[in-house]
Amino acid sequence: MTIDSIKNGIVLDHIEAGKSMEIYRVLELSKLDCSVAIIKNAVSRKVGHKDIIKIDSIIDINIDVLGYIDPGITVNIVRDGEIVEKKNLSLPEQVTGVIACKNPRCITSIEQELPHVFRLTDRKEGIYRCIYCEAKAKAEA
Amino acid sequence: MKDLISITDLSIEELQELIAKAEDIISNPDEYCEKCKRKKLATLFFEPSTRTRLSFESAMLELGGSVIGFSEAASSSSAKGESVADTARTISCYADIIAMRHPKEGAPLVAANAASIPVINAGDGGHNHPTQTLTDLLTIYREKRRFNNLKVGFCGDLKFGRTVHSLIQAMSRYEGNSFVLISPEELRVPGYIKTDVLDKNKLQYKETDNWDDMAELDILYMTRVQRERFFNEADYLRLRDVFILTEDKLTNAKDDLCIMHPLPRVNEIERAVDSDKRACYFKQVLYGKYIRMALILKLLGVE
């Protein structure tokens, strides 16, 4: 299958197979006017199968959210048909508004305007905890 | 340090500094009676707690300061729907320091982020209660003069008892401590305390449902089985009566054993034990006031 290469834009490469739609949703790519290509189950020499998202415009991307969903992603910035920047992601120290605290005893359960903030407490295990009640949310990575 | 939300906010050095200050207050109370003159403590108690609130209030009064506040959510603006952050911002205009108890976990952190004055967590649901842990640590230090190489027994409700979890966490920072965890099967310490605290720090511990280790203990920390934690009254009544400390169980115990309890007690310590010289739980209440005095001074930056 052939997808046109992009001239100026962003390629999210090495997405864990099956996660591209989640990323499409979380980054709100449906709101963009430019072309967006989602490639599922592309063959990868490294991991067997992967997903790829190509965005035909250079937009601001929330790297923390991306890193939380899948720290294995590579973000390639393309200008004039050349990759000018390659970013390897890692689990972010803190994420806001990405994970919802589900602990009914947490203050966020009664104060709706409070941002849901989770902090990485164990990088090896990928464990995030709510900063208010310390309830655990396991990273999906 | 602006606030005290969790006991882990304190480094070992800061903890030692607070203990030293509390000991100095105990030795020279007159020198501290005007330290907080014209300063106000606001006790914001969104759920009732007579003991903790009165301990904070008497601590501030003994420092020469004054106290404002409320003792239940119904008499505060939260009953009208005010957020914790707004309450904290408002109180910052009236007082110099806040002590807050709230039924929801993390509420004092929300208050601390919004307030311009120091906030002390006086208990947030079943989550943190750092001044109880400070009280326990001062008691241990007053009785044992050290925090290391102690064999500590915890008895009763080790599953829901947050004071137990915090004290295990605090004592795990020191070398050579070991723990005997005495409880019925249903009320054992949660798995994360074992994996994240005890195993991680390579501490020795033993889970048991009998008193066989009494003779080796340096400290025995008793806890109450709390009725509100059970859905079933029959389970509560059955478990409540499993471990009751009586005089005869202390026959083989060390002469300098320190018996502690965060109080209030129901029936888990027989009244006859109160007159035993090893019973420290009422002294513990007194130490709670002194450590809160030291904490207020530290957070207000008063020397």
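These are legends for a few close-up views of a predicted model.

Because this is a prediction, local features need pLDDT of at least 70 and side-chain atom pairs count only at pLDDT 80 or more, while totals for chains, interfaces and linings use all residues. Residues are numbered from 1 along each chain as its sequence is written, and chains are lettered from A and ligands numbered from 1 in the order in which they are written.

**View 1. Chain B as a whole.** Let's start with the overall build: chain B has nine helices and nine strands. Helices (H or I, at least four residues) and strands (E, at least two) are DSSP runs, numbered from the N terminus. A compact globule of 303 residues would have a radius of gyration near 19 Å, and chain B agrees, with 19 Å. (That radius is taken over C-alpha atoms, and the globule rule is 2.2 Å times the number of residues to the power 0.38.)

View 2. Domain 1 of chain B brings 16 residues to the contact and domain 2 of chain B brings 14, where contact means C-beta atoms, placed from the backbone, within 7 Å. On the domain 1 side, helix 1 of chain B gives the largest share, five residues. That side divides into 11 nonpolar, three polar and two charged residues. Here Ala, Val, Leu, Ile, Met, Phe, Trp, Tyr, Cys and Pro count as nonpolar, Asp, Glu, Lys and Arg as charged, and the others, Gly among them, as polar.

**View 3. The largest nonpolar core.** Which residues touch the most other members of this 109-residue core? They are B:Ile98, B:Ala111, B:Tyr221, B:Met293 and B:Ile296. Helix 9 of chain B gives the most to the core, eight residues. A nonpolar core is a set of buried Ala, Val, Leu, Ile, Met, Phe, Trp, Tyr and Cys residues joined through C-beta atoms within 7 Å; buried means 20 or more other C-beta atoms within 10 Å of a residue's own, with C-beta atoms placed from the backbone.

**View 4. Zooming in on B:Ile296.** Leaving aside neighbours within four places in sequence, B:Ile296 is in contact with B:Cys36, B:Leu41, B:Ala59, B:Met60, B:Leu63 and B:Ile97.

Conventions: Contact = placed C-beta atoms within 7 Å. Buried ≥ 20, exposed ≤ 12 C-beta atoms within 10 Å, placed from the backbone.
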